[in-house]
Amino acid sequence: MTSMVIIGGGPGGYEAALVAATYGVDVTLVEEVGPGGSAVLTDCVPSKTLIATAEVMSTMRSACELGIRARGAGADPAEAFEVDLEVVNRRVLDLARAQSRDITERLQALGVRLVQGRGELVDARTVRVTGAESGVFAADLVLVATGTTPRELPAARCDGERILNWKQLYGLTELPEHLVVVGSGVTGAEFASAYDALGCRVTLVSSRDQVLPGEDADAGAVLQAVFESRGMTILSRSRAVSATRHGDEVVVGLEDGRTVTGSHCLMAVGSTPNTTGLGLENAGVALGDRGHVLVDRVSRTSAPGVYAAGDCTGVFALASVAAMQGRIAVWHALGQAVQPLDLRLVASNVFTAPEIATVGVTQRAVDAGKVPARVVTMPLATNPRAKMQGVRDGFVKLFCRPATGNIIGGVVVAPRASELIHPVSIAVAERIPVDAFQHDFTVYPSMSGSMSEAARRLEALISRDGD
């Protein structure tokens with residue numbers, strides 16, 4: 001029987017274990033914090049649960065515009081409620097632990113051996129485990145899926161009380177009076193959006209011109225405008241170099257000498273791969289300049305029989321990508337038919353308010369001349385369903401090939417954009433032309449109607465090009 005040891009129980013690890021076990025592989029999964037890893041217990045699941053609570057507060061704040069008012073508590077329904085952060089965070093962590101238990105039960109039902117501890121490669125076929133459980137395990141195959149750790153600045157060390165990373169936020173029992181968020185990437189923007197909706201004063205420190213520098217520029221501009229309209233302070237082109245605690249305050253120092261004082265500070269300045277101390281050099285596993293495990297599109301490392309998946313590879317920091325990398329690793333190792341990872345087909349979402357979902361080619365690539373494309377953008381303000389719901393901010397953008405009309409990308413900025421991007425994702429994966437896409441029925445009224453309208457306008461552009 002083929003044996004496999006998986007180091008790391010996050011999405012890449014546990015999905016690989018589930019697939020391998022269904023093929024009759026003898027699987028040992030090594031994880032320190034519990035099945036699901038940090039993604040389930042301290043990162044993705046907790047953060048999105050917190051954001052779901054923030055969405056409720058956002059909805060209440062817009063209720064007055066729709067004609068809903070609170071009885072005996074002023075005109076604004078949101079003023080009738082307050083956030084009990086201790087209860088919110090307790091629920092967040094309870095849900096994360098429940099998800100981990102569900103994963104544990106699925107793994108155990110398939111006969112996966114769960115070992116709590118830290119795994120280290122003795123060589124490409126041997127893993128030593130230390131910690132709560134210890135032992136040495138021989139394996140025909142090894143998968144490394146150890147994730148990442150929040151990065152810290154040398155002069156801004158997190159204390160877990162006032163200066164926090166995103167894993168430490170759930171220990172708070174009271175809403176911060178003034179939260180300074182350092183970093184305007186996905187993590188920083190999501191938490192800034194959530195805590196603003198929960199009623200916290202937020203200052204967002206961004207080293208770039210606008211928030212979400214890695215996302216669609218038009219989408220980032222919409223989000224920044226929304227943030228500022230809600231009263232959030234955004235310090236653009238401002239690089240933080242330090243964070244110092246002074247009693248109940250935190251002073252954040254900027255590169256130009258300015259300071260920002262808040263009650264709490266969230267450091268969201270990236271992450272570092274968990275690849276040190278794993279014995280990777282013993283197995284001949286090559287690392288990149290930033291310490292990520294180098295892998296190909298079927299998750300192979302430089303060492304035969306050793307695969308890697310998830311954030312520790314630096315490929316694309318998404319749970320869905322990690323899970324797919326893990327599955328692909330198993331399929332390839334067992335000689336099954338496998339389609340190499342294609343990042344052009346990955347749908348991603350930023351869980352801000354509004355959400356930003358993307359798939360396929362980017363506006364940046366089109367503008368740079370790397371990808372020839374026709375582009376149409378439909379503002380949500382013209383969508384009848386959006387008008388009914390009081391939604392003004394957002395848009396639907398579609399990209400297609402000029403010659404064939406095949407849809408090659410899209411951007412959705414809207415409430416629940418994560419749910420709206422799926423038809424575009426299918427269109428990109430299946431190379432559906434706008435001519436076919438425009439004829440598919442959508443519900444009236446619906447947000448998705450803007451996608452069909454965008455396709456019709458793209459088809460008109462292509463037709464004019466051909467005349």
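1. The lining of the second largest pocket in this predicted model divides into 15 nonpolar, nine polar and 10 charged residues, where Ala, Val, Leu, Ile, Met, Phe, Trp, Tyr, Cys and Pro count as nonpolar, Asp, Glu, Lys and Arg as charged, and the others, Gly among them, as polar.

2. The second largest pocket holds about 1,100 Å³ of space, and of its 34 lining residues the closest to the centre are Ser58, Thr59, Ser62, Arg230 and Pro415. On a 1 Å grid over the protein atoms alone, a pocket is an open set of points where a 1.4 Å probe fits, with protein on both sides within 12 Å along at least five of seven lines, and lining residues have an atom within 4 Å of a point; the volume is the space filled by probe spheres set on the points.

3. Two or more residues of this lining come from each of helix H3 (44–61), helix H5 (186–197), strand E11 (201–205) and helix H6 (217–229), and H3 gives the most, with five residues. Helices (H or I, at least four residues) and strands (E, at least two) are DSSP runs numbered from the N terminus.

4. Elsewhere, the axes of helix H1 (residues 11–22) and helix H4 (residues 85–109) come within 9 Å and cross at roughly 30°, which makes H1 roughly parallel to H4 (angles under 35 degrees). Tyr14, Ala17 and Leu18 in H1 meet Ile103, Arg106 and Leu107 in H4, contact meaning heavy atoms within 4.5 Å, and the residues of this contact divide into five nonpolar, no polar and one charged.

5. Residues are numbered from 1 along each chain as its sequence is written, and side-chain values use heavy atoms, with hydrogens and water left out. Because the model is predicted, local features need pLDDT of at least 70 and side-chain atom pairs count only at pLDDT 80 or more, whereas totals for chains, interfaces and linings use all residues.

Technical notes. Axes fitted to C-alpha atoms, helices over the stretch in contact; angles between N-to-C directions. Parallel < 35°, antiparallel > 145°, perpendicular 65-115°, else oblique.
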